[in-house]
Amino acid sequence: MSLEIIVFYLFAAIVVFSAFRVITVNNPVFAALFLVLTFFTCSAIWMLLEAEFLAITLVLVYVGAVMVLFLFVVMMLDVNVVPLKEGFVKYLPVGLFVGVVMLIEMVFLITQRYFRDADFPPPPRMTDADFSNTEMLGRVLYRDYLFQFEIAAIILLVAIVAAIALTMRRRPDTKYQRPAQQIDIQRADRIRMVTTPNASADTARPEGGQS
Amino acid sequence: MDSLSIAAPEVFLLTATCIVLVASLFTKANSHTVYWLSQASLVVTLLFAFGQTRAEPVVAYVGAYGIDNMSSTLKVWLIVVAIGVLLYSRDYLTGRRIARGEYFVLALFAISGMMIMVSSKHLLSVYLGLELLALSQYAMVALARDDADASEAAMKYFVLGALASGMLLYGMSMVYGATGSLELSGIRDAVVVGGAEGSVPARFGLTFLIVGIAFKLGAVPFHMWVPDVYEGAPTPVAMFIATAPKIAAFAMLIRLLVDALPALNSDWQAMLAILAALSVVVGNLVAIAQTNIKRMLAYSTISNVGFLLLGIVGATPEGYSAAMFYAITYAFTTLAAFGVLLALSRGTREDGSPFDAVMLDDLAGLARRNGLLAAVMMLAMISLAGVPPMVGFYAKLAVLRAVVDAGYTWLALIAVAMSVAGAFYYLRVIKLMYFDEPVVTTEIDTAGDVSAGLAINGLAVVVLGIFPSFIMAACLAAFA
């Protein structure tokens with residue numbers, strides 16, 4: 001067993017363990033942190049596959065941006081996890097049964113003689129040390145997969161439209177500021193000059209007895 | 001042809017959708033500007049798609065996208081059905097708390113997704129087209145934000161749909177691993193070279209592909225979402241989900257099974273035979289017990305999907321043509337049925353909430369309230385039941401002939417027996433409309449263009465049943 005295989009299994013075990021913990025820990029903050037660990041280890045596996053661009057992007061985008069945002073939300077909302085876990089024990093036997101049956105079937109099929117190396121196309125050859133993964137990815141993405149790339153962009157647009165359509169509410173009682181109007185104000189709009197004829201008499205009146 | 005003009009229908013429609021999206025921000029809530037802009041963009045897209053029906057088959061974008069006889073015919077019908085969907089939805093959306101601009105924009109995006117699915121020559125574009133369609137649909141179901149039923153339906157649809165997409169992707173990754181190609185033609189060649197013995201990994205993936213496809217079609221036992229989504233979704237959205245996407249799902253089935261994995265036909269024939277038999281039985285029997293007409297139409301969809309699969313079970317070109325004919329005719333017949341429901345959903349209930357025709361009893365005595373609506377509904381129902389000379393009869397005949405020719409006589413027997421049972425609930429609707437006393441006696445007035453659309457739709461159900469070759473010729477050419 002080469003070092004690479006050992007490292008792969010180490011990381012794979014951490015991924016499986018932390019992904020399992022994401023759905024089993026009680027505290028949502030811990031769950032989010034375990035998810036961060038999952039992403040980190042996944043990016044290490046990408047590195048093993050010599051896909052350094054994907055590895056870096058995974059850390060930057062998911063760990064750096066998405067999960068931080070997620071943690072913010074989890075910390076700000078008071079999520080009560082008890083009702084979410086209510087049916088867990090009840091449905092566990094059925095879920096476990098189906099899962100185990102599927103697992104046995106898949107293991108049975110995959111460990112048969114059909115899944116030999118010869119049944120699969122040859123693995124891609126290792127690349128040289130100065131090979132730029134990022135450059136190749138860019139070439140493939142914007143040349144060979146241009147059509148799919150454009151559709152993915154449209155899907156993101158649909159996500160924006162849907163998110164806004166489902167969450168934005170116009171509330172008539174909300175008070176808005178209009179900065180242009182505020183700046184445009186004239187002295188006459190704000191101040192009204194009044195003359196109070198008996199001002200001196202009012203202030204001179206003694207008030208002690210009335211209060 | 002350069003690659004831009006090959007994808008002209010999609011390119012135009014997506015550009016026009018962006019314009020409609022911006023226009024919807026600047027129009028008043030109740031004006032019809034967005035509606036007419038959407039219809040205009042669909043009509044122009046229809047012209048582009050129609051222009052391609054005579055074009056030579058060609059593949060562009062490094063094997064991602066291509067046009068052939070099947071794709072161009074299906075695109076034309078997709079757009080025709082979509083134009084009908086928008087026409088019937090318009091008056092329903094006015095006066096209800098549903099974002100109209102977003103409804104039309106999301107519908108246009110969904111139509112683009114379907115067109116991409118239909119034209120895909122690559123696993124990745126099949127999947128992306130499907131997601132574009134599915135994401136738009138999830139959002140459309142949830143558009144009635146104040147309605148708890150709609151939110152529940154949207155949630156169910158989203159969770160189950162995501163699961164099905166996961167299954168489909170898992171199958172695709174297995175097929176890719178087994179063949180080393182994402183292009184459908186590459187997969188076909190690799191599986192043929194590998195032979196039956198070497199293709200077990202591909203068959204492993206095929207199983208998951210079929211689960212994903214069956215879910216998207218709504219075939220038993222992956223049908224659980226269909227009645228709940230139809231019932232919970234606003235009626236125009238239910239109409240949208242019930243019609244055009246079935247044509248696209250048919251195309252996906254053909255692309256993944258017939259175009260990519262024809263060498264594994266003995267495997268998928270058996271799986272599809274089980275799905276078809278179960279769908280026909282469950283769909284027709286459970287529909288009898290429904291009192292909600294949207295749920296009834298949902299089970300009708302399930303049984304019709306079973307018939308559609310019957311055509312493909314035989315794995316013959318005649319069978320594929322029959323299934324294609326079935327998908328197209330099913331879409332516009334169901335469109336007519338939903339169109340009548342939407343035309344009925346006018347006015348308000350006693351408590352002031354908008355009236356929705358959802359229960360079977362709401363149709364009672366319809367013939368005396370509006371003769372045209374009752375006639376169109378009757379034509380749609382007897383066509384779905386498979387009575388000659390309606391188009392539904394010819395569609396059922398074609399798939400049954402294909403399945404008998406392929407040697408699956410038992411399957412044809414089940415299907416015929418079940419469609420006799422199914423005739424009960426279709427005919428019950430006609431009895432309610434023509435022989436029962438109306439609860440409300442007020443006349444129903446519909447807008448002129450909606451009446452005209454419904455009349456044409458009803459006539460098409462009859463005329464195309466008498467002259468099926470108008471569509472059948474194109475369907476046969478698609479698999480010649």
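A residue is buried here if 20 or more other C-beta atoms lie within 10 Å of its own. The structure is a predicted model. The exercises below start from that cut-off.

**Exercise 1. A covered helix**

Task: State how many residues of α10(B) are buried, and find what they pack against.

Solution. 
- Step 1. Locate the helix. α10 of chain B covers residues 225-232.
- Step 2. Apply the cut-off. Seven of the eight residues are buried, and the helix is mostly covered.
- Step 3. Name them. They are W225(B), V226(B), P227(B), V229(B), Y230(B), E231(B) and G232(B).
- Step 4. Find the partners. These buried residues pack against α6 (123-141), α7 (148-179), α11 (235-242) and α14 (293-313), which belong to chain B.

**Exercise 2. A crossing at another angle**

Task: Classify the crossing of α4(B) and α20(B), then give its hand and its residues.

Solution. 
- Step 1. Take the geometry. α4(B) (residues 69-93) and α20(B) (residues 448-466) have axes that come within 10 Å and cross at roughly 140°.
- Step 2. Classify the angle. The roughly antiparallel class needs an angle over 145 degrees. α4(B) is therefore oblique to α20(B).
- Step 3. The crossing of α4(B) and α20(B) is left-handed.
- Step 4. List the residues. From α4(B) come G84(B), L87(B), Y88(B) and D91(B). From α20(B) come D449(B), V450(B), G453(B) and N457(B).
- Step 5. Sort by class. Three are nonpolar, three polar and two charged.

**Exercise 3. One aspartate**

Task: Is D267(B) buried or partly exposed, and which residues does D267(B) touch?

Solution. 
- Step 1. D267(B) sits in α13(B), residues 265-288.
- Step 2. Count neighbours. D267(B) has 18 C-beta neighbours inside 10 Å, so D267(B) counts as partly exposed.
- Step 3. Find the contacts. Leaving aside residues up to four places away in sequence, D267(B) touches R203(B) and L206(B).
- Step 4. Check one separation. D267(B) and R203(B) are 64 residues apart in sequence, with their C-alpha atoms 7.6 Å apart.

**Exercise 4. Chain A and its contact with chain B**

Task: Describe the make-up of chain A, then the side of chain B that touches chain A.

Solution. 
- Step 1. Count elements. Chain A has nine helices and zero strands.
- Step 2. Check burial. Chain A has 211 residues, and 9% of them count as buried.
- Step 3. Check range. Take contacts in chain A with a separation of 6 or more: 56% join residues 24 or more positions apart.
- Step 4. Size the contact between the chains. Chain B gives 31 residues and chain A gives 20 residues.
- Step 5. Assign the chain B side. α2 (8-25), α5 (100-119), α6, α7 and α9 (200-217) of chain B each supply at least two residues. The largest share, nine residues, comes from α6(B).
- Step 6. Sort by class. The chain B side divides into 22 nonpolar, six polar and three charged residues.

Notes: Residues numbered from 1 in each chain as written. Chains lettered and ligands numbered in written order. Predicted model: local features only at pLDDT ≥ 70, side-chain atom pairs only at ≥ 80, totals over all residues. Buried ≥ 20, exposed ≤ 12 C-beta atoms within 10 Å, placed from the backbone. Helix = DSSP H or I, 4+ residues; strand = E, 2+ residues; numbered from the N terminus. Contact = placed C-beta atoms within 7 Å. Nonpolar A, V, L, I, M, F, W, Y, C, P; charged D, E, K, R; others polar. Axes fitted to C-alpha atoms, helices over the stretch in contact; angles between N-to-C directions. Parallel < 35°, antiparallel > 145°, perpendicular 65-115°, else oblique. Left-handed = near helix turned anticlockwise from the far one by under 90°.
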